[in-house]
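Biologist: Please take a close look at the nonpolar core of this model and the aromatic side chains. Which residues and elements build it, and what else should be noted?

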Amino acid sequence: MHVQEWLETVPAVSIYLLVGLVIGLESLGIPLPGEIILVSSALLASQHGEINPFILGACASAGAIIGDSIGYAIGRKGGRPLLAWLGRKFPRHFSEGHIATAERSFEKWGMWAVFFGRFVALLRIFAGPLAGVLRMPYWKFLIANVLGGILWAGGTTAVIYYVGIVAESWLKRFSWLGLVLAVLIGLTSMLVLKRKAAKGQSAVREAETVGASE
């Protein structure tokens, strides 16, 4: 079952909680499909009125901010041994190469790595714990975390929601035009067949007239 098909069977309140929880867990360093869940939920909100996009965006933003903050606290307490442990548990995501790439990003961009990292799948998982491990001042981390979380979660929700509404209206319009086109094609075909039938009947009558005269 696809994510969106499964979400359609879940009550709206559960979707809000699910989005916040999955994004929160992903933000604190657990590799989960937070972006997929958010996009699917926002698209579902555009098609079902019972899901409020503002509440959805707020829950996603809260999950991102809280999750990143918990990840920062865990990284600050666990230090380098934590990264080594994560590398053993999740070698695909926390390999030495990935950690080295994330560290270079933090050394070069500082708090901007936390902000822009929210929009990059790899850095989104690393941002909180790595900022704690590298002892980034919490006030810098918090500013980047809050702004990045709101912009990413709220922005993604808004964009996907309105794209879904536009797409649905276009699909409805396309379906309406398709129906009209099908009716026109059907009428045209019927008229052509009637004309051919009329010509055929005329040809038969003319043949019968000629045969009778002979």
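**Core and ring pairs**

Modeller: In this predicted model, Ile23 touches Gly34, Leu38, Ala60, Gly63, Ala64 and Trp152, once its neighbours within four places in sequence are left aside. Ile23 also belongs to the largest nonpolar core, a set of 20 residues. Together with Ile15, Val19, Ile51 and Leu56, Ile23 is among the residues with the most contacts inside that core. Two or more residues of this core come from each of helix H2 (12-27), helix H3 (34-47), helix H4 (53-89) and helix H8 (138-213). The largest share belongs to H2, which gives 7 residues. Another core lies apart from this one and holds 17 residues, including Ile99, Phe106, Phe115 and Val133.

Phe115 leads on to the aromatic side chains. Ring pairs join Phe115 with Trp112, Phe116 and Phe119 in a cluster. The count of aromatic pairs comes to 8. One of the pairs is formed by Tyr161 and Tyr162, whose ring centres are 5.2 Å apart; their planes stand at 80 degrees, over the 60 degrees that the label requires, so the pair is edge-to-face.

Terms used:
Residues are numbered from 1 along each chain as its sequence is written. This is a predicted model: local features need pLDDT of at least 70, side-chain atom pairs count only at pLDDT 80 or more; totals for chains, interfaces and linings use all residues. Side-chain values use heavy atoms; hydrogens and water are left out. A nonpolar core is a set of buried Ala, Val, Leu, Ile, Met, Phe, Trp, Tyr and Cys residues joined through side-chain atoms within 4.5 Å. Buried means under 20% relative accessible area, exposed over 50%, partly exposed in between (1.4 Å probe, protein chains only). Helices (H or I, at least four residues) and strands (E, at least two) are DSSP runs, numbered from the N terminus. Contact means heavy atoms within 4.5 Å. Rings of Phe, Tyr and Trp (its six-membered ring) pair if their centres lie within 6.5 Å; planes under 30 degrees apart count as stacked, over 60 as edge-to-face and the rest as tilted.
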